[in-house]
Amino acid sequence: VCSSDLLIVFLLALFCMNPVASLLTIDGIALNVDAPSRKRAFEELAHLFEKNAGIPHREAFDALNARERLGCVAIPHGRIQGLDKIVVAILRTKTPVVFDTPDNRRARLFFGILIPANDEEHYLPVLSTVAALLKDRDIKDKLLNETEPVAICQTISDFVPQEWPADSEEETQDLQNSASA
């Protein structure tokens, strides 16, 4: 990745209205990772958080799993005591990971979010932006097919969150449940 690409991504993230773009770095993205299970995907996300933000692997893994134990969440996230800002990482697996849900839902794209333990408001726009990114088919296809982390950052930086109507009352409730950390 050339330094001019990094500068462009940084400037786009700095001036955009998208809260996820301003929190994501190229070092926080891993593509085509061999993670055949939910546990392994969370392990890989924890390694990204450790590499990118210096958060101890075990602490990041435990935070993601604590929230997961409350029920399968669409966007793995957790709280970390002593963390001073929200941290985002993206993991894309080589093959879909099956979740223990009644419909055996599968995923290849994981946005992990670690939140300061005392943050009561700043994480909600981040969660809703990630949900909007994943709801947009064109964006999701790009995120599943881009070959370079800088292209992933560019796609996210270019995304402008918009209001969208919930498909159902159940979907609205799912998003609210996922957001209440």
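**Strands first.** I looked up how strand 3 and strand 4 go together: they pair in the antiparallel sense over eight bridges. Pairing here requires that DSSP finds at least two bridges between two strands. The elements are DSSP runs numbered from the N terminus, with helices as H or I of at least four residues and strands as E of at least two. Within this pairing I found R92 with its bridge partner L109 in strand 4.

I then turned to strand 1 (residues 29–33), which runs parallel to strand 3 (residues 87–98) and is joined to it by three bridges. V33 has T93 as its bridge partner in strand 3.

**A note on the model.** This is a predicted model, where local features need pLDDT of at least 70 and side-chain atom pairs count only at pLDDT 80 or more, while totals for chains, interfaces and linings use all residues. Residues are numbered from 1 along each chain as its sequence is written, and side-chain values use heavy atoms, with hydrogens and water left out.

**I115.** I found I115 in strand 4 (residues 106–116). Is I115 buried or exposed? I115 counts as buried because its relative accessibility is 0%; buried means under 20% relative accessible area, exposed over 50%, and partly exposed in between (1.4 Å probe, protein chains only). Leaving aside neighbours within four places in sequence, I115 is in contact with H77, G78, R79, I80, L83 and Y123, contact meaning heavy atoms within 4.5 Å. I also checked H77 against I115: they are 38 residues apart in sequence, and 7.4 Å apart C-alpha to C-alpha.

**Helix 6.** Eight of the ten residues of helix 6 (residues 149–158) are buried, so this helix is largely enclosed by the rest of the structure. Among the buried ones I noted P149, I152 and C153.
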